[in-house]
Amino acid sequence: MSCREILEYLFIVYLVTIILFSPVIILLCVITSMILQCVYKQFWYLFIEIGISCLYVCWVYYDHHTESRGGRSSERCRKFCIWKPIARYFPLKLIKTEDLDPNRNYIFAYHPHGIIPWGAAMNFYTDATHFSTLFPNIRPHLMSLRSNFFAPIIREIYLSLGGCSVSKESMNYLLSGQQGPGHAVVIVTGGEREQRLTKEDAMILYLKNRRGFIKLALENG
């Protein structure tokens, strides 16, 4: 492997670790820190740690509507340097077949889900495949389960990349124009059910009971 391939692989490992294990790692670090502080009787550190944890919980409670109100996408986060090496690793490519009018809102239906939908994440969470150049003034929002927005740190990453809850309320908010035109709601149509059906060398589309996005498109023009 070349140095570039090793670097791309390390970025993948780093990102998967954050996505899958960050809540557990954070919890273990907090518990370990509290135990050590009690053992060494550094209780003022303990009070600071508890205080910071409480502040973050209060922040999440205060901010809990953001995932249903368009997120808070940051171009700086979407163009962060690690995304392009990850896209090159697979490799991933975004192919444009039609111009999109930035004065309208859109639904993108994405398939397949897979264990981790890397194609959806890199193409629509990030600008690694030059979405902003191919579709100027269109802002994509990759929709995800609301439970993903309860995980510390991961929640903030999803929101900063434009991620939103896949609830009907959240999608209607973007599609109805309440946040203006030029938004693209990206739905991995098969969802968690399709993820469980993932098999090597097989393309399985789970769509029979996944037609709500078509109704949303009709209702919102």
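**Exercise 1. Arg146 and its partner**

Task: Is Arg146 buried or exposed, or in between, and which side chain does Arg146 meet in a salt bridge?

Solution. Step 1: the relative accessible area of Arg146 is 34%, so this residue is partly exposed. Here buried means under 20% relative accessible area, exposed over 50%, and partly exposed in between, with a 1.4 Å probe and protein chains only. Before going on, a word on the model: it is predicted, so local features need pLDDT of at least 70 and side-chain atom pairs count only at pLDDT 80 or more, while totals for chains, interfaces and linings use all residues. Residues are numbered from 1 along each chain as its sequence is written, and side-chain values use heavy atoms, with hydrogens and water left out.

Step 1: Arg146 meets the side chain of Glu67 in a salt bridge, at 3.3 Å from N to O. The term salt bridge stands for a side-chain nitrogen of Lys or Arg within 4 Å of a carboxyl oxygen of Asp or Glu. Arg146 sits in the loop between E2 and H7, and Glu67 in the loop between helix H2 (43–62) and helix H3 (75–78), so that this pair links distant parts of the chain, 79 residues apart. Helices (H or I, at least four residues) and strands (E, at least two) are DSSP runs, numbered from the N terminus.

Step 2: Glu67 is buried, as its relative accessible area is 2%.

**Exercise 2. Other salt bridges**

Task: How many salt bridges does a search of the whole structure find, and which parts does the pair of Glu8 and Arg88 tie together?

Solution. Step 1: the search finds 13 salt bridges.

Step 1: one of them joins the side chains of Glu8 and Arg88, at 3.2 Å from N to O. Glu8 belongs to helix H1 and Arg88 to helix H4, so the pair ties together parts that are 80 residues apart in sequence. Glu8 is buried at 4% relative accessible area, whereas Arg88 is partly exposed at 39%.

Step 2: Glu169 and Arg69 also meet through their side chains, at 3.0 Å from N to O. Because Glu169 lies in helix H8 (residues 168–175) and Arg69 in the loop between H2 and H3, this pair ties together parts 100 residues apart in sequence. Glu169 counts as partly exposed at 43% relative accessibility, and Arg69 counts as partly exposed at 36%.

Step 3: a network of salt bridges links Asp63, Arg72, Arg155 and Glu156.

**Exercise 3. The sheet**

Task: In what order do the 4 strands of the open sheet stand, and which strands are at the edges?

Solution. Step 1: the order is E1-E4-E2-E3, with parallel pairing. Two strands pair if DSSP finds at least two bridges between them.

Step 1: the edges are strand E1 (106–110) and strand E3 (164–165); each has a single partner strand, so one side of each is left without a neighbour in the sheet.

Step 2: strand E2 (residues 139–144) pairs with strand E4 (residues 183–188) in the parallel sense over 4 bridges. His141 has Val185 in E4 as its bridge partner.

Step 3: helix H5 (residues 118–125) lies across E1, E2 and E4, at about 145° to E2. Contact means heavy atoms within 4.5 Å; axes are lines fitted to C-alpha atoms, for helices over the stretch in contact, and angles run from 0 to 180 degrees between N-to-C directions.

**Exercise 4. Backbone details**

Solution. Pro91 lies in the loop between helix H4 (83–89) and E1.

Step 1: His111 and Pro112 are joined by a cis peptide bond with omega of about 5°. Pro112 is in the loop between E1 and H5.

Step 2: phi of His130 is near 65°, a positive value in a residue other than glycine. His130 lies in the loop between H5 and helix H6 (131–134).

Step 3: phi of Ile153 is near 70°, a positive value in a residue other than glycine. Ile153 is in the loop between E2 and helix H7 (154–160).
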